Amino acid sequence: MPDFSSRMDRAKPSAIMAVAEKAKALKAAGKDIISFSIGVPNFLPGEHVYAAARDALAHDSGQYGSNRGAPALVDAFLKHIEAIGLTGYSAKNIATGVGAKHVIYNLCEALLDEGDTIAFPTPYWTSYVDIAEIVNAKIELLPCPASQHYKMTPEQLDATLAKKPRVFLFNNPSNPTGMVYSKEEISALADVIAKYPDTWIITDDIYNRMIFDGAGYHNFVHARPELKDRVIFIDSLSKTYGMPGWRVGFMAGPESVANAVTTMNSNHITNLPEITTAAAIAALTGPQDVPNAKVREFQDKRDQVMAVLDSIPGVVCPKPDGAFYVFPDISAYFGKSHDGKVVNNDIEFCNALLESKGVACVPGSAFGEPNALRISYTCPTPQLAPGMERIKAFFAEMQ
Ligand code: PLP
């Protein structure tokens with residue numbers, strides 16, 4: 001058989017999906033499993049979204065569409081981001097993709113040559129490493145442990161940007177930690193970015209509407225509008241609108257970058273499907289009561305999860321202000337045993353938790369932070385309290 005490309009030596013399937021698959025297999029075998037593993041929003045968009053999709057199906061033109069995204073979709077996205085204070089963009093600044101992941105992949109292809117450096121903080125969303133490895137970029141990590149609330153300091157950013165990475169990739173609110181940077185924190189980081197004009201800044205902010213307790217969303221271009229010439233904002237319908245399978249993502253940034261992503265689209269996908277486009281426009285422009293209600297529900301769930309974690313001795317969990325994840329540092333328990341078996345690290349911990357209590361969480365090492373594990377609390381509400389009680393019992397049984 002002929003060889004695969006060397007790229008395939010670097011391409012890996014998602015570590016998160018592996019946990020989800022294991023949990024599914026145990027469930028299929030009849031085990032009582034509660035899954036806190038995968039980051040799916042676990043709600044459906046409003047009926048108006050399905051009505052728009054059905055209508056598009058009835059009137060399908062059957063033609064290829066725009067590489068950038070249909071003008072009405074681009075326009076809807078422009079209005080959507082105006083609502084979070086990202087103003088002064090026009091259609092030329094926008095590009096779409098098959099989900100934010102695809103937009104980030106296109107950006108990495110467009111901005112990074114082999115061997116160029118992409119820098120990002122840990123904990124990171126797993127796909128950043130996977131995508132950077134496929135495009136053969138060098139990865140520079142900025143470790144941000146629980147002791148600094150999983151947040152990067154201006155000093156860390158300064159030291160990194162001084163090395164002139166081609167791309168700095170930032171994620172706010174964060175998957176996996178749920179951390180949200182305040183206005184003051186963003187402003188201090190933006191001051192550092194302003195000093196280093198040779199680095200593209202990607203802000204993967206797809207959870208920007210999922211922020212709790214009235215804390216606002218802040219971007220570097222709010223703090224310093226002149227950074228618009230190299231800050232690329234990423235958004236997606238997946239989490240906000242409960243539409244992960246519809247695969248719609250966006251970018252807003254410099255015209256040259258939006259053109260580059262559009263060129264990549266013309267070679268990869270040609271266009272987003274017409275039916276998806278109609279559904280996406282309906283989600284963006286229609287009633288916002290479903291997403292708004294979900295943010296309130298996630299905030300309540302965050303409070304329930306934090307109440308349990310705070311009651312477990314030795315577990316350190318900075319309180320998240322957004323998204324739907326918590327990321328407790330569990331390292332105080334490494335070296336202890338459960339059911340007579342020593343648990344040495346996050347992976348052994350998550351395996352033992354799944355096997356003995358039927359609760360699936362993702363080991364922190366999937367996000368570059370092996371002292372922690374990720375709990376995604378989007379499960380149906382009745383499963384949340386029993387799942388957290390099982391986790392608490394597991395810790396209590398460790399000795
Ligand atoms: N960025 C972050 C931080 C995510 O958590 C995810 C999905 O989990 C994505 C991007 C990908 O989103 P999409 O479904 O739009 O590709």
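Mentor: Here is the walk-through, beginning with the domain and ending with the helix pairs.

Before anything else, this is a predicted model: local features need pLDDT of at least 70, side-chain atom pairs count only at pLDDT 80 or more, and totals for chains, interfaces and linings use all residues. Residues are numbered from 1 along each chain as its sequence is written.

The part you asked about comes from UniProt, where an unreviewed entry puts "domain: Aminotransferase class I/classII large" at residues 31-391 (positions are in the numbering used here, feature names are shortened, and annotations may be inferred rather than shown by experiment). Over residues 31-391 the chain is 39% helix and 14% strand (DSSP runs numbered from the N terminus, H or I of at least four residues for helices and E of at least two for strands). The end C-alpha atoms of that stretch are 16 Å apart.

Now the ligand. It is surrounded by 13 residues, and the closest are G99, A100, N175, S236 and S238 (near means a C-beta atom, placed from the backbone, within 6 Å). By class, the shell holds 4 nonpolar, 7 polar and 2 charged residues (Ala, Val, Leu, Ile, Met, Phe, Trp, Tyr, Cys and Pro count as nonpolar, Asp, Glu, Lys and Arg as charged, and the others, Gly among them, as polar).

On to the backbone. Most residues other than glycine have a negative phi, and most peptide bonds are trans. With that in mind, look at T122 and P123: a cis peptide bond joins them, with omega about -5°. P123 sits in the loop between β3 (117-122) and α6 (127-134). N172 to P173 is cis too, with omega near -10°, and P173 lies in the loop between β5 (167-171) and α8 (183-194). Then there's H149, not a glycine, yet with a positive phi of about 55°; you'll find H149 in the loop between β4 (138-143) and α7 (154-161).

Next, helix packing. α5 (residues 100-111) packs on α6 at about 35°, axes 10 Å apart (axes are lines fitted to C-alpha atoms, for helices over the stretch in contact, and angles run from 0 to 180 degrees between N-to-C directions). K101, I104, Y105 and C108 of α5 touch S127, I131 and A132 of α6 (contact means C-beta atoms, placed from the backbone, within 7 Å). That contact splits into 5 nonpolar, 1 polar and 1 charged.

Helices α4 (residues 71-82) and α11 (residues 274-285) meet at about 25° with axes 9 Å apart, so α4 and α11 are roughly parallel (angles under 35 degrees; over 145 is roughly antiparallel, 65 to 115 roughly perpendicular and the rest oblique). Their crossing is left-handed. A72, L73, A76, F77 and H80 of α4 face T277, A280, I281, L284 and T285 of α11. The tally for α4 with α11 is 7 nonpolar, 3 polar and no charged residues.

Last pair: the axes of α13 (residues 346-357) and α14 (residues 381-397) come within 11 Å and cross at roughly 115°, so α13 and α14 are roughly perpendicular. α13 passes α14 in a right-handed crossing. Here L353, S356 and K357 of α13 meet R390, I391, A393 and F394 of α14. Sorted by class, the contact of α13 with α14 has 4 nonpolar, 1 polar and 2 charged residues.

Terms used
Left-handed = near helix turned anticlockwise from the far one by under 90°. Contact = placed C-beta atoms within 7 Å.
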